[in-house]
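Please look over the structure below before reading on.

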Amino acid sequence: MTVNKFNLPDVGEGLTEAEIVSWKVKAGDTVAVNDILCEIETAKSIVELPSPYAGTVAELLVAEGVTVDVGTPIISVSDAGAPAAPAPTASAAPAAARPQAPEAPEPAPMYGTLTPSADAEPDGRPAGGPLVGSGPKADAVKRRRRTSAPAVPAAPAAAAPAEPVESHDIWIDPASVAQAGRGAQAPVAGADPRPTLGGAITGLVSKVLAKPPVRKIARDLGIDLADVVPTGARGEVTREDLVSYQAQRDAEVDKADTFWGKTGRPQEQRIEKIPVKGVRKATARAMVESAFAAPHVSIFVDVDASRTMEFVKRLKASRDFEGIKVSPLLILAKAVIWAAARNPSVNASWVDAKDGSDSAEIHVKHFMNLGIAAATPRGLMVPNIKNAQDLSLKELALALNELATTARAGKTQPAQMQGGSLTITNIGALGIDTGTPIINPGEVAIVAFGTIKQKPWVLDGEVIPRWITTLGGSFDHRVVDGDLSARFMADVASILEEPALLLD
């Protein structure tokens, strides 16, 4: 009998330590090659570790919640009673834990021509995997498979009604939903009962995959299905997902009721000490580095986004976008890519000399790895969409959906957060008008997207209600001066005011 010890790998990102978040196996379990052993939290994300061995788990060498250095043995696997498949060789073991980077795509002509080495980005996703972070070519974009219409059972009497969705992409004033939903049509008796989005929805409403009993439970509990992370085999929300979500929500309410400590106790006994580690530790270090290394300058612009709202409404009703969540964030992302091509220095990095001298270089990137700031239970993450300039509007929508789903599920991989070139932070999702965001390290610009709501607006000499948003931008003043930042923000605003300019 041979006992193999599996050491904590560096997961290909040059990290030095990681925390064991949860074990997926226990002593005595039989495992096969590539079975998931545990989840670890690195300085950037949660990563699943597959087994390089087949056999029986002999011992878990590190407890959950413990942070250990790379190279530390974390589990031992005995080959006694192992499956017939042979264990991998020593060289194959790291390969199981380290996904290979796919061939780097070539950027679109408007972003110039690069040498292959200049455009190469590290990537931890297998070839042909999900879109976000994998950097596929425009004609090879893939996304998580969704349930096809015939596979969803429909109620005998009528199709299940569409659920209003609180989009993960942008917060919209409730009045907008009420107004936009006036044109929605009720299902026609005798019509095809299969649920369709493009034909049945004309307002700011989207549909989440779930069976009718699950939808009823969600309505009874007052749960928005769009807020629940789906775990069903075909991407649908299950009864177990609702139970888990409700338990978490109840726990938060319970904590609120008992949050304040008893007044009679000394104050030092009413202070909760939370260790700073993992994603939170890495984020704090990066924000301090950026805030004190890059001189920030911020500017703001109010934008009439009424035509963007109308454009989004038409996309939602389009057959081409059926089953795809669409929000104004999609149009903003396209606008940022378009404006960056017209003002290339915002898509750059400031690089100090490695010899310690005061010399430096500005690296202008002829590709757009568009970062989207995402708040997760473990802290702020900024995954990016590789070579976003190559994606069509539909492909970009799929990428944004995949990015949001992956981030909310806590499955964002380290490679998806490396090599960003410019970031969008969607503070409007929280109902905030604007802000002064801190630039992501290695970049020189970030755009804050505020909430969209109806406000009085002067148009052709008349005061009328329009859909207004505020864009905020922070720039590294070493690279981007006031004139350039103003022109960039004006270009972004012009697209939100008239999306048809994207067709030029």
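The sections below go through this predicted model one element at a time.

## Helix H8

Start with the length of H8. This helix has 15 residues, and at 1.5 Å a residue they should span 21 Å.

How many of the residues of H8 are buried? The count is 12 of the 15, so the helix is largely enclosed by the rest of the structure. Among the buried residues are Pro328, Leu329, Leu330, Ile331 and Leu332. Lys334 is also on the buried list, as are Val336 and Ile337.

## Asparagine 347

Helix H8 covers residues 328–342, and strand S10 covers 348–352. Asparagine 347 sits in the loop between them. Is this asparagine buried or exposed? Its relative accessibility is 1%, and buried means under 20%, so asparagine 347 counts as buried.

One of its polar atoms lies 2.7 Å from the backbone oxygen of lysine 365.

## Salt bridges

Side chains of opposite charge can pair when their charged atoms come close. In the whole structure, a search finds 8 salt bridges. Three of them are described here, beginning with the pair of lysine 26 and aspartate 29.

Lysine 26 and aspartate 29 meet through their side chains, with an N to O distance of 3.3 Å. Lysine 26 has 53% relative accessibility; the cut-off for exposed is over 50%, so this lysine counts as exposed.

## A pair within helix H4

Aspartate 220 forms a salt bridge with lysine 216. Their closest N and O atoms are 3.0 Å apart. Both residues belong to helix H4, which runs over residues 212–221. They are 4 residues apart, about one turn of the helix.

Lysine 216 has 47%, so it falls in the range between 20% and 50% and is partly exposed.

## Arginine 478 and aspartate 476

Arginine 478 forms a salt bridge with aspartate 476. Here the closest N and O atoms are 2.8 Å apart.

The two partners fall into separate accessibility classes. Arginine 478 is partly exposed, with a relative accessible area of 31%. Aspartate 476 is buried, with a relative accessible area of 1%.

Terms used
Residues numbered from 1 in each chain as written. Predicted model: local features only at pLDDT ≥ 70, side-chain atom pairs only at ≥ 80, totals over all residues. Heavy atoms only, no water. Helix = DSSP H or I, 4+ residues; strand = E, 2+ residues; numbered from the N terminus. Buried < 20%, exposed > 50% of the residue type's maximum accessible area, 1.4 Å probe, protein only. Polar contact = N/O pair within 3.5 Å; in protein donor to acceptor, adjacent residues only side chain to side chain. Salt bridge = Lys/Arg side-chain N within 4 Å of Asp/Glu carboxyl O. Expected span 1.5 Å × (residues − 1).
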